[in-house]
Amino acid sequence: MRASRLVSALLLLQTRGRMTARQLADELEVSVRTIYRDMDALSAAGIPLFADAGHDGGYQLLDGYRTRLTGLTTDEAEALFLSGLPGAAADLGLGAVLATAQLKLMAALPEELRDRAGQLQQRFHLDTSGWYADPEPTPHLAAVVRATWNQFRVRVKYRRWAAPCEVTRVVEPYGVVLKAGRWYLVGNSSGCVRTYRVSRILRLQPLAERFSRPPEFDLGRHWDSYLEEFDARRYVGEATVRMTTSVFDRLPHLLEPDLVRAARERAEPDTAGWIRTVIPIESSDHTAGLLLRLGAEAEVLAPDSLRQRLATTAAALAELYGGS
């Protein structure tokens with residue numbers, strides 16, 4: 001464990017330059033005292049390492065020093081090949097680059113790791129697209145990525161759900177996210193960080209104006225927060241539903257994961273041997289469409305508006321098929 005940590009500390013200093021003991025400790029998840037001992041050990045091993053005291057001080061490698069301790073472990077090599085997303089790379093125009101990089105990596109690996117990495121590619125395939133949906137056309141994705149990487153503002157004409165349906169905005173692109181086969185642009189517009197579906201960008205004009213990306217902005221953390229807020233906005237109420245145990249067991253194949261999770265958390269048996277539970281709902285029309293999948297083995301008890309919506313639909317179906 002210590003040998004691996006020493007190599008990690010050395011590579012951190014090589015890639016990031018000067019770092020304080022606290023920064024190294026936070027990165028490696030150890031105490032500052034442990035970092036002091038590790039730095040002494042590296043110096044004793046002949047690594048040209050020096051430290052500057054004071055508020056702006058820290059540890060730093062001698063200019064020009066490059067370590068050759070970049071060999072991969074078996075787990076690391078497997079993780080690298082498992083993390084490849086050929087479809088996403090192709091969308092970004094990097095398919096050929098990814099293939100070439102993997103060939104170079106494969107050629108550099110020892111024979112044992114090369115065999116294991118090759119076996120991994122034959123046994124695991126990552127597909128980020130969703131079921132029952134065609135890939136979305138994203139003609140502006142490459143321009144979005146270039147602007148994001150080079151920190152240039154863009155003017156976009158965007159189609160959204162709410163009126164006015166088409167809007168034009170100047171956006172500072174902070175990052176790009178691939179979610180369930182769909183690409184999203186996260187960027188700042190008029191002081192507000194917004195999310196744009198790339199397939200709904202109707203026109204994009206790169207601008208000559210550069211912007212400074214906030215150093216504290218974390219794309220992964222922002223996206224997690226965005227998903228939580230999105231769920232909070234779209235669920236406007238709750239529905240009480242009773243269903244047979246057979247349907248309850250098949251819920252993962254019939255409803256969205258959030259609804260299944262909620263149904264399981266609040267499930268209770270009733271006196272008739274059915275299961276009574278509560279699920280979050282969106283509009284009555286949307287939820288009615290989902291719950292119709294459960295057929296006659298489920299009954300909505302509340303709210304009345306949703307119950308009436310299902311009753312009206314059931315009556316219309318009975319009239320439509322009753323004469324057959």
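What we have is a predicted model, in which local features need pLDDT of at least 70 and side-chain atom pairs count only at pLDDT 80 or more, while totals for chains, interfaces and linings use all residues. Residues are numbered from 1 along each chain as its sequence is written, and side-chain values use heavy atoms, with hydrogens and water left out.

Let me begin with H1, residues 2-16, and H2, residues 21-28, which pack at an angle of about 125 degrees with their axes 11 Å apart; helices here are DSSP runs of H or I with at least four residues, numbered from the N terminus, and the axes are lines fitted to C-alpha atoms over the stretch in contact, with angles from 0 to 180 degrees between N-to-C directions. H1 and H2 are therefore oblique to each other, since angles under 35 degrees count as roughly parallel, over 145 as roughly antiparallel, 65 to 115 as roughly perpendicular and the rest as oblique. The contact, meaning heavy atoms within 4.5 Å, is made by Arg 5, Ser 8, Ala 9, Leu 12, Leu 13 and Arg 16 of H1 and by Leu 24, Glu 27 and Leu 28 of H2.

Turning to H3, residues 32-44, its axis and that of H1 come within 10 Å and cross at roughly 80 degrees, and H1 and H3 are therefore roughly perpendicular to each other.

Finally, in H8, residues 141-150, Leu 141, Ala 143, Val 144, Ala 147 and Thr 148 are buried, that is, under 20% relative accessible area, with exposed being over 50% and partly exposed in between, for a 1.4 Å probe and protein chains only. On the other side of H8, Arg 146 and Trp 149 are exposed.

Notes: Helices (H or I, at least four residues) and strands (E, at least two) are DSSP runs, numbered from the N terminus.
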